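The sequence and the structure are shown below.

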Amino acid sequence: MKPDRISLSRVLQCALPGLLLSAICLIPYLNKAFTIDDPVFLLQAQQILKAPLHPTTMEICWTADNKCGPVGKDAANNLFMSYYLVPALALGGQEWLVHAIELLTLWLGIVATVSLALRFGMSIFGACAAGLIVAVTPPVLAMTSTAMPDVLAMSLGAIGIERLWAWKQEHRFIQGVLAALALGLAPFTRMHLALLWPIAALLLRDDTRILDARSWWATRNRYWPIIVAAVVWIVALALTGDRRSSGSLGFFWLLPQNMYGNFRSYLIEWVAAMPLGLAWLVFRNRRINRWLLIAAGAIMLWKMWSDAWPGVWKPLFALAGALVLTDILVWSIASRELRRIALALWLLIPLSALPYLHLPVKYLVPCAPAMALLIADILQP
């Protein structure tokens, strides 16, 4: 028997609190100035208006005044963000217009997260909670106030997974096409979102016997949206690539010695910047005194922003992050539910950036829907 279809009105009803709260947080800042990295994407959008298939050939002096060249030499191939900004640039490129587009993009991500929660079988409460968590996640709000691609990558990832799950449930061709487009454009927005493809393939299975090669082959007819997504990405790269300005992109920023510090940052950010750490510690085991945990978290934050405990808070937060992520992985695998395992693996996607120069918290933003759904799952009565 097919599951009941999720109506758009029901999704919007659950998403409304998150939409309103994000609007309250961000609309007062629609006219804020652009940030330091925004000009790269804005200038590329301006270049697209002149040469639609050559966005990386414009000259820019980025790392130093005396080191100028095509933008593709120093900027990541996150070109879909620049194409996405073309309408705003064509209309004058005002700050409020660019930020309004980002806010609308966040709303799409919230709606997709809520719809995915309902399709995963969560209650109305759980779906509303998931949307609210995405809406109030500090790094998500911060990146929505920029012209950078992280929120767009987040929303495309959420839309792609939501449409893929809908296609698995209802088998409507248009759902598979939309999933393929979203999952293909997501890595064209942030390259590490290509790691959503194996997670998507996992969701298309009927069981968790992932080491059984024959079971993968038996369900081979289901994976065409993922194949199409890869084709979309490859075609997009081929059409917009330029041999004079790309090809060696970013490799000089990749060093093995960066991995330890970045891994520690990754663990800390899930606790200190994203709500996953505290929420999981407080709500995962209801028998633990929540107020004790909240008090401990407040003390740790106070120590972090004071000089009373120098050098100690980072290992503590990293340890807390490691415990939370380990528990999520063990819990999801023990549940033997594909959706939980997929959400847990989604949190690991930023690890692909470990060799990079640094691992800022914005790399965790595309994982916000997975984080919100996991928290909502344990919040349900």
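The expected span of a helix is 1.5 Å times one less than its number of residues. In this predicted model, helix α3 (residues 79-90) comprises twelve residues and extends 17 Å from its first C-alpha to its last, close to the 16 Å expected. The buried residues of α3 are Leu79, Phe80, Met81, Ser82, Leu85, Val86, Ala88 and Leu89. Their cover includes α2 (38-50), α4 (95-119), α7 (150-170), α8 (173-185) and α11 (224-240). Gly92, which follows α3, has a positive phi near 120°.

One of the helices covering α3, α7, also holds Arg163. Is Arg163 buried or exposed? Its relative accessible area is 18%, and residues under 20% count as buried, so Arg163 is buried. Apart from neighbours within four places in sequence, Arg163 is in contact with Arg119, Gln175, Leu178 and Ala179.

A further pair of helices is α12 and α15. Their axes lie 7 Å apart at an angle of about 80°, and α12 and α15 are therefore roughly perpendicular to each other. The residues that form this contact are listed by helix.

| Helix | Residue range | Residues in the contact |
|---|---|---|
| α12 | residues 259-272 | Arg264, Tyr266, Leu267, Ile268, Trp270, Val271, Ala272 |
| α15 | residues 313-335 | Trp313, Lys314, Phe317, Ala318, Ala320, Gly321, Ala322, Leu325 |

By class, the residues in the contact of α12 with α15 comprise twelve nonpolar, one polar and two charged.

Terms used:
Residues numbered from 1 in each chain as written. Predicted model: local features only at pLDDT ≥ 70, side-chain atom pairs only at ≥ 80, totals over all residues. Heavy atoms only, no water. Helix = DSSP H or I, 4+ residues; strand = E, 2+ residues; numbered from the N terminus. Buried < 20%, exposed > 50% of the residue type's maximum accessible area, 1.4 Å probe, protein only. Contact = heavy atoms within 4.5 Å. Axes fitted to C-alpha atoms, helices over the stretch in contact; angles between N-to-C directions. Parallel < 35°, antiparallel > 145°, perpendicular 65-115°, else oblique. Nonpolar A, V, L, I, M, F, W, Y, C, P; charged D, E, K, R; others polar.
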